[in-house]
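Hi everyone, thanks for coming.

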Amino acid sequence: MSKENSIRLFEQKHVRALWDEKEEKWYLSIVDVISILTDTPNPRKYWSVLKTRLKKEGSELTTNCSQLKMQSTDGKYYKTDVADTEQIFRLIQSIPSPKAEPFKRWLAQLGAERLDEMQDPEITIDRALEQYLKLGYSENWINQRLKSIEVRKELTDEWKRRGMKEGQQFATLTDIITKAWSGKTTKEYKTFKDLKKENLRDNMTNTELILNMLAEASTKDISQEVNPATFAENASVAQRGGRVAKVARLELEAQTGKKVVTSLNAKTGIQTGKGAAGQIKKAQASEAETEE
C-alpha cells in the first residue's frame, strides 16, 4: 500500500497525515487532532483515557483505528494511532470543543484539495506558498524553502534507489549529513533553536537552508557517482556530502566573522524580511561571544 507522509496545517497548527493512494483517503494522527480540539498539554493521556471510555461504550472507533509509522519530534518514525476522515468525524463527536465545526469543514476541504493536487502537481506548490505566506514568511525565504523541498525529494529518491528504508535509516543518514555540515545532529540543532514539534527547516535562516541544501545535493551527486550498496556505504557518502557544505560554512564564517548556525527560529525573526536581518546579527554576535 503506497502512502505519502505529509504535514497539514489547521489554524497554523501541524497535523501529521498520511495519504493512501490506493484507497484515496487521508489518515490523520489522532493525538494531533486531540491536541487541536482540546488544547490539552498532554494529548496522549487524553486519548488514552478517551480510548478506554470508548471501548467500554462499544465504539467501533477504537477497534477500527490503525497504527501507521509517523515522524515524531525527534525526527524518527514511530507507530502512531491514526484514523481516516470518517473515523475522525466520529471522534469529534466524543470531544466537546468549540473548534469542532471549523475542523469538520477543514477535513472536508482536505480531501478535495488532495484530489486536485493529484490532477495538477503545481497546485501543491501554490498551496505550500500560500501557507508559508500566511505564517508570515518572506517571499525570498519561501523560494529557498520550496527549493529545499525539491532537493530533499531528489535525495530521498536516491536513497530509495539504493535500498535505504524510510524511517530509521533515513533519519540516521539525515543526522549524519546535518552533523557533518553544521556540527549538530538534527535533535541537537532543534534543541539549539528551542524547537519541539516544529520542522527544523521551517526554522532555518536563508543561509542555513542554502548550506543544508548544498549538503543534501552533494550527498545525492556523490551517491550517483560511487553507487553505494550498503547502509554503511550510504552513511559514508552522507558524511562526504555534509563535509562539502561544512567547508563552505567555515569559509563563509571566516569571511564574515559571524556564525552561520544560529538559535533564531520562526518565532524570533527568520521569516520577516527587514526585522530578521537585525535579529540574525544580534544572535550571531551573542553565539560568537559564547563560543570564545
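So, the buried residues of H11 are Asn234, Ala235, Val237, Ala238, Gly241, Gly242, Ala245, Arg249 and Glu253. Buried here means under 20% relative accessible area, exposed means over 50%, and partly exposed is in between, with a 1.4 Å probe and protein chains only. A quick word on where this comes from: it's a predicted model, where local features need pLDDT of at least 70 and side-chain atom pairs count only at pLDDT 80 or more, while totals for chains, interfaces and linings use all residues. Residues are numbered from 1 along each chain as its sequence is written, and side-chain values use heavy atoms, with hydrogens and water left out.

Helix H11 itself covers residues 231–256. Helices are DSSP runs (H or I, at least four residues), numbered from the N terminus. H11 has 26 residues and spans 37 Å from first C-alpha to last, close to the expected 38 Å at 1.5 Å a residue. That expected span is 1.5 Å times one less than the number of residues. Just after H11 comes Gly257, with a positive phi of about 75°.

What do the buried residues of H11 pack against? They pack against helix H7 (139–161), helix H8 (168–182) and helix H10 (206–226).

Let's move to H10. Its buried residues include Leu209, Met213, Lys220 and Ile222, and the buried residues of H10 pack against H7, H8, helix H9 (186–192) and H11. H10 has 21 residues and reaches 30 Å, close to the 30 Å expected. After H10 you'll find Asn227, whose phi is positive too, near 50°.

Now, Ile210 also sits in H10. Is Ile210 buried or partly exposed? Partly exposed, at a relative accessible area of 40%. The C-alpha of Ile210 is 7.8 Å from that of Ser148, though the two are 62 residues apart along the chain.

Last stop: how do H8 and H10 meet? Their axes come within 10 Å and cross at roughly 125°. Axes are lines fitted to C-alpha atoms, for helices over the stretch in contact, and angles run from 0 to 180 degrees between N-to-C directions. That angle makes H8 oblique to H10, because under 35 degrees counts as roughly parallel, over 145 as roughly antiparallel, 65 to 115 as roughly perpendicular and the rest as oblique. In the contact (heavy atoms within 4.5 Å), H8 brings Ile177, Thr178 and Trp181, and H10 brings residues including Leu211 and Ala215.

Technical notes. Helix = DSSP H or I, 4+ residues; strand = E, 2+ residues; numbered from the N terminus.
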